[in-house]
Amino acid sequence: MNYIVISPYYPENFQPFTIELAKKGITVLGIGQEPYDQLGPDLQGALTEYFRVENLEDIDEVKRAVAFLFYKHGPIDRIESHNEYWLENDAALREQFNIFGAKSANLKKTKFKSEMKKYFSKAGVPVVPGMVVKTEKDIEKAVKSIGFPILAKPDNGVGASGTFKLTKKADLETFKEAWDGQTVYFFEKFVHSSMITTYDGLIDSKGKVVFETGLTYVHTPFELLQSKKDNAYYIEKELDPKLVEYGHAIIKAFGMKERFFHIEFFKNGKDYIAIEYNNRMAGGFTVEGYNYAHSIDLFRDYANVVTGGEVEERRFDAQYCLVVTRRDTTDYVHSANDIHQKFADRIKTVKRMPEAFAELQGNDAYLLVTESKEELDEMVDFIGLTK
């Protein structure tokens with residue numbers, strides 16, 4: 001099997017994805033911007049060949065790289081990055097070279113929030129009413145139809161970037177002044193819920209969920225964007241059966257195969273409202289969170305799935321895994337040493353956040369495990385307490 005990995009070096013915590021594929025005997029071919037010497041011995045050892053391009057965003061240059069690797073190594077069986085940023089280019093390359101996996105047409109339902117709503121409804125999962133906004137006339141129609149408060153977000157966007165909360169006419173004027181008039185927006189009824197939780201996992205080549213988990217945000221992504229609070233979320237110890245039921249129905253409706261997924265929901269009392277389907281795993285250091293919570297190696301599981309095998313047996317009970325960040329510019333009550341002393345047996349690792357994500361998420365990420373929700377709450381309070 002010939003497997004092309006797009007951007008095998010960055011982000012660095014995704015490097016094991018390439019390494020685990022190679023361990024399964026797959027011929028792994030890399031395309032990236034970094035010089036070969038920068039990759040390091042582990043990554044170099046896993047790659048049969050590495051093709052350096054000047055700019056990964058230049059799809060024509062990347063297509064030429066794929067064509068060269070095809071000519072030299074034979075037909076390509078898979079192309080993947082697992083990275084939100086490259087999803088569209090990955091799909092275009094699969095289409096160009098007739099490779100298994102999601103093509104450009106398949107991504108429409110996972111790129112546009114308006115399209116996601118249709119599939120959530122098809123799955124029988126609750127959603128909030130919304131409308132696509134392309135012109136100022138559409139704005140007036142949406143406000144009249146939906147009513148305040150409204151959440152306005154780019155129809156094709158990632159996370160909370162470019163999002164506005166509209167509660168009155170003055171907010172609407174602020175939005176109009178900031179709006180470039182070109183970006184298509186999606187207006188939806190604002191949900192008064194302080195909890196966003198997710199259904200995450202891995203689907204095999206037949207569309208079956210072979211690994212499932214979920215995380216809950218301490219602060220919603222919108223709150224993070226507005227207030228620059230410390231990012232904190234935790235991998236759940238166990239999942240609500242209703243959430244799992246909704247998740248399975250959504251997976252069936254979207255029809256994706258051999259992919260990670262990350263589906264966001266509002267927790268609405270004892271029910272859930274679907275927000276967004278992400279056609280990849282959650283970002284940042286969440287993959288480490290999954291691994292620590294479940295005592296697994298998820299990239300190894302993925303390599304097993306790609307080669308027609310099964311995920312490894314789960315030999316340990318799940319725990320909570322907290323991922324909480326701190327900012328260099330914030331004055332905290334407790335020092336890094338205090339944290340290590342208090343939670344010495346709970347800390348699994350401390351990671352430095354890449355600069356591209358630090359402004360939104362923070363600079364240092366602490367990953368800790370616990371079997372107790374009470375201790376998890378204590379960790380959040382202790383680590384995040386400011387002067």
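Q: What is the phi of Ser-295, the residue that follows helix H11?
A: In this predicted model, Ser-295 comes directly after H11 and has a positive phi, near 55°.

Q: What makes helix H11 (residues 286-294) mostly covered?
A: Eight of its nine residues are buried. Among them are Val-287, Tyr-290 and His-294.

Q: Why is the pair of Tyr-3 and Phe-17 called edge-to-face?
A: Across the model the count comes to 25 aromatic pairs. In the pair of Tyr-3 and Phe-17 the ring centres lie 5.9 Å apart and the planes stand at 80°. Pairing requires centres within 6.5 Å, and edge-to-face requires planes over 60 degrees apart; the pair is therefore edge-to-face. Tyr-3 belongs to strand S1 and Phe-17 to helix H1, 14 residues apart.

Q: Why does Tyr-3 count as buried?
A: Buried means under 20% relative accessible area. Tyr-3 has 0% relative accessibility, so Tyr-3 counts as buried. Phe-17, with a relative accessible area of 1%, is buried by that cut-off.

Q: Why is the pair of Phe-211 and Tyr-290 called edge-to-face?
A: Their ring centres are 6.4 Å apart, within the 6.5 Å limit, and their planes at 70° exceed the 60 degrees required, so the pair is edge-to-face. Phe-211 lies in strand S10 and Tyr-290 in H11, so the pair ties together parts 79 residues apart in sequence.

Q: How do you know that Arg-326 lies over the face of Tyr-332?
A: Arg-326 is placed over that face at 4.0 Å from the ring centre, and the distance limit is within 6 Å.

Notes: Residues numbered from 1 in each chain as written. Predicted model: local features only at pLDDT ≥ 70, side-chain atom pairs only at ≥ 80, totals over all residues. Heavy atoms only, no water. Buried < 20%, exposed > 50% of the residue type's maximum accessible area, 1.4 Å probe, protein only. Helix = DSSP H or I, 4+ residues; strand = E, 2+ residues; numbered from the N terminus. Phe/Tyr/Trp six-rings, centres within 6.5 Å; stacked < 30°, edge-to-face > 60°. Lys NZ or Arg CZ within 6 Å of the ring centre and 35° of its normal.
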